[in-house]
Amino acid sequence: MIVDGRQDSAITQAAQVLAAGGLVAFPTETVYGLGADAGNDAAVAGIFTAKGRPSDHPLIVHVPDANAATRFAAAVPPVAQRLMQAFWPGPLTLILPRRPDAGRAAAGGQDSIGLRCPAHPVAHALLLACAAAQPPVLGLAAPSANRFGRVSPTAAAHVASEFGDELLVLDGGATPVGIESAIVDCTRGVPVLLRPGTLTRAAIESACGERLWLPDELPGAAPRASGTLESHYAPQAKVRLMDAKNLQAALHVLGPDAGAIAVYARSPIRTRSPHYRRMPDDAIETARQLFAVLREFDAAGVKLIWIETPPDTPEWEGVRDRLRRASAA
Ligand code: TXA
Ligand code: MG
């Protein structure tokens, strides 16, 4: 059931469902999350079942502010404190050492925990209402509210289309950021970028006061992370990335058959396909609409989506990452 998340009564109802161990979907500034009480392992198990996600894949726990992080984190290293100060509330998840007594199921058994303080007003109101519940719900474990491996939802209707009418969905409109948060692992001694988002590497490094590493630059196995699987965030249709010239040439070769291929490109493309969308010139705007565009193509029943490869510049890193994974399916 979709309800208006801006109504106090909807927030109260959602907090009651969560406090009783149920699931509620809610908007964040990045994508919609499928939430459960992070302190209730049975409730968290419900998320894994609903999503069809392996239970050893850790979830992100959402907290109302940086103080609440210490309910789940055993320590907050200085670099994490600097990142919280710079970007919370906002689209940044920090991996921190986990308190052994907190969030075991949410962490998928890892001794670390992913924490994020979302900037969306509906998410914030929900987290405050949960903290005020009796007994209090101190954090919401919430992965993106989609079935495992699929495109993350950026609208309430996307969530309802994946989980049906039973699930309570707080509607907060279209999510403004549109791709998932950047994830920085702060448990390795140096900050490690596990997943790029819309915050640029330069902005994160400037807040850290040191360089950001990539997982394969460090020895030792990185923790399991669905968002870092090679094939993920995939629509039903097959996605191919090409530069504009090759894309145009391939459409030309296909002639009339090209009408069945969806095209998403920044450059002007000549095609008779009814499924042609212009990609914005701006990375932030593209991130905002990307997942909805992929879902529209799926809903139209196209089998192939051809996408112009985004520019190889820092602000496009998050979008490039999601498209690379979508096309790896
Ligand atoms: O923007 C977002 O981050 C959205 C919204 C709902 O907050 N959430 C989201 O959650 O994308 P999810 O579960 O779809 O992706 C969470 C990512 C996964 O790749 C997960 O494995 C990783 O975070 N993660 C969570 N806890 C971790 C941990 N302790 N160690 C390593 N990776 C972790
Ligand atoms: Mg996800």
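Reply: The account below begins with the sheet and then turns to the helices and loops.

This is a predicted model, in which local features need pLDDT of at least 70, side-chain atom pairs count only at pLDDT 80 or more, and totals for chains, interfaces and linings use all residues. Residues are numbered from 1 along each chain as its sequence is written, chains are lettered from A and ligands numbered from 1 in the order in which they are written, and side-chain values use heavy atoms, with hydrogens and water left out.

Helices (H or I, at least four residues) and strands (E, at least two) are DSSP runs, numbered from the N terminus. Two strands pair if DSSP finds at least two bridges between them. In general, strands of a sheet pair through backbone hydrogen bonds, either parallel or antiparallel.

The sheet is open and mixed in its pairing, and its 10 strands follow the order S1-S8-S2-S3-S7-S4-S6-S5-S9-S10. Strand S1 (2-4) and strand S10 (192-195) stand at the edges with a single partner strand each, so one side of each has no neighbour in the sheet. Helix H1 (residues 8-19) packs on this sheet, where it touches S1, strand S2 (24-27), S3, S7 and strand S8 (168-171). The direction of H1 makes about 145° with that of S8; such angles run from 0 to 180 degrees between N-to-C directions, and the axes are lines fitted to C-alpha atoms, for helices over the stretch in contact. Contact means heavy atoms within 4.5 Å.

Strand S2 shows both kinds of pairing. One bridge here sets Phe 26 against Gly 33 of S3. With S8, S2 pairs in the parallel sense over two bridges, and Ala 25 stands opposite Val 169 of S8. In a regular strand the side chains alternate between the two faces of the sheet. In S2, Val 24 and Phe 26 point one way while Ala 25 and Pro 27 point the other way, and all of them are buried. Buried means under 20% relative accessible area, exposed means over 50%, and partly exposed lies in between (1.4 Å probe, protein chains only).

Strand S3 (residues 32-37) also pairs with S7, in the antiparallel sense and over two bridges. There Ala 36 has Ala 141 of S7 as its bridge partner.

Helix H4 (121-131) lies across S2, strand S4 (60-62), S7 and S8, running at about 135° to S2. The loop between H4 and strand S7 (140-141) holds Pro 135, whose peptide bond from Gln 134 is cis, with omega near -5°. Ala 133 lies in that loop between H4 and S7 and counts as buried, with a relative accessible area of 16%. Its C-alpha atom is separated by 39 Å from that of Ala 326, 193 residues apart along the chain.

Helix H3 (residues 78-87) has Val 79, Ala 80, Leu 83, Met 84 and Phe 87 as buried residues. They lie on the same side of H3, since they cover an arc of only 140° around the axis; the arc is that of the directions from the helix axis to the C-beta atoms. The face of H3 turned away from this buried side carries the exposed residues Pro 78 and Gln 85. The buried residues of H3 pack against strand S5 (92-97), strand S9 (182-185) and helix H6 (201-208).

The loop between H3 and S5 contains Pro 89, and a cis peptide bond with omega of about -5° joins Trp 88 to Pro 89. Strand S5 is the place of Leu 92, a residue that counts as buried at 0% relative accessibility. Not counting residues up to four places away in sequence, Leu 92 touches Leu 83, Phe 87, Leu 115, Arg 116, Ser 181, Ala 182, Val 184 and Leu 199. Of these contacts of Leu 92, Leu 83 and Phe 87 are among the buried residues of H3. The C-alpha atom of Leu 92 is separated by 24 Å from that of Asp 41, 51 residues apart along the chain.
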